[in-house]
Amino acid sequence: MVVLTDMEYRALEHLEQRERHLRRGVTLQRENDRVGEMFVLRSGRMMSSVLLDDGSRQILRIHSAGDLLAVSNLIYDNAPETITALSDCTVAPFERAALSALLVAHPRLAALILVYNQIERAALTDRLAALGRTSAKARVAAILIEMRNRARMLDKSVGDSFVLGLTQEEIGDATGLTAVHVNRMLRQLEDEGLIAREAGRVRFRDERALARSSNFVDRYEKLDLGWLPESRG
């Protein structure tokens, strides 16, 4: 765990001076829009997605509070992805120049942003491999574990029960399955005694067996951060 200094906290607070509020379903940016801003997700949940040639949607990543959004806008003038609110959200927009100034003044924060992006890259690689090489059951189990782990990062009291906050259609768009197939896999996981569902919540009944069936790798675990530069203040 990395403990930030007061100066680093102030630098991040400066990056998040402005706020923008979005209701569930509102699009923050659309694929191919002209862009220049990046965002910190202050609260809520969002998703990054692209439209495929057949008109279907592929969800690339589910974002939780604290995530950096649209970092690719740093190097592209046209958005490579659509970002949409999955719940009521608050984001903090910032310009390229603000990020550039932060990177120069705070090398350790710059390194941590690099760490974050590598975690996201590894997670996206896992998702890509899963789409081509794992079963429908494994894909659905993996996204359930991922959503619980992300919820636990924000609230340490989260145990084996959590609010999923995704529709079956959204799970399908993230896993390359139809909503009907997702429903079938969720019922199979219930029938096998791995999960229980009630009123929008999911409870893990046998987390060890669920993890075995999912091939899920938690990319936030076992990080080697010993190389991080020292803080300047």
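**Sheet and helix packing in a predicted model**

Me: In this predicted model, what makes β4 and β5 count as paired strands?
Reply: Strand β4 (residues 45–51) and β5 pair in the antiparallel sense over 7 bridges. Pairing needs at least two bridges between the strands. So β4 and β5 qualify as a pair.

Me: Why is β5 called an edge strand?
Reply: The open sheet has 4 strands in the order β2-β7-β4-β5, with antiparallel pairing. The edge strands, β2 (27–29) and β5 (57–64), each pair on one side only. From one strand to the next, the twist averages 30 degrees.

Me: What packs on the sheet, and which strands does it touch?
Reply: Helix α4 packs there, touching β4 and β5. The direction of α4 makes about 25 degrees with that of β5.

Me: How do you know which residues of α4 and α6 meet?
Reply: Contact means heavy atoms within 4.5 Å. A136, K137, V140, A141 and L144 in α4 meet H181, M185, L186, Q188 and L189 in α6. The contact residues divide into 7 nonpolar, 2 polar and 1 charged.

Me: Which residues does the "HTH crp-type" annotation cover?
Reply: The unreviewed UniProt entry assigns that domain to residues 134–208. The span is 56% helix and 15% strand, with its end C-alpha atoms 18 Å apart.

Terms used. Residues numbered from 1 in each chain as written. Predicted model: local features only at pLDDT ≥ 70, side-chain atom pairs only at ≥ 80, totals over all residues. Heavy atoms only, no water. UniProt positions renumbered as here; feature names shortened; annotations may be inferred. Helix = DSSP H or I, 4+ residues; strand = E, 2+ residues; numbered from the N terminus. Nonpolar A, V, L, I, M, F, W, Y, C, P; charged D, E, K, R; others polar. Axes fitted to C-alpha atoms, helices over the stretch in contact; angles between N-to-C directions.
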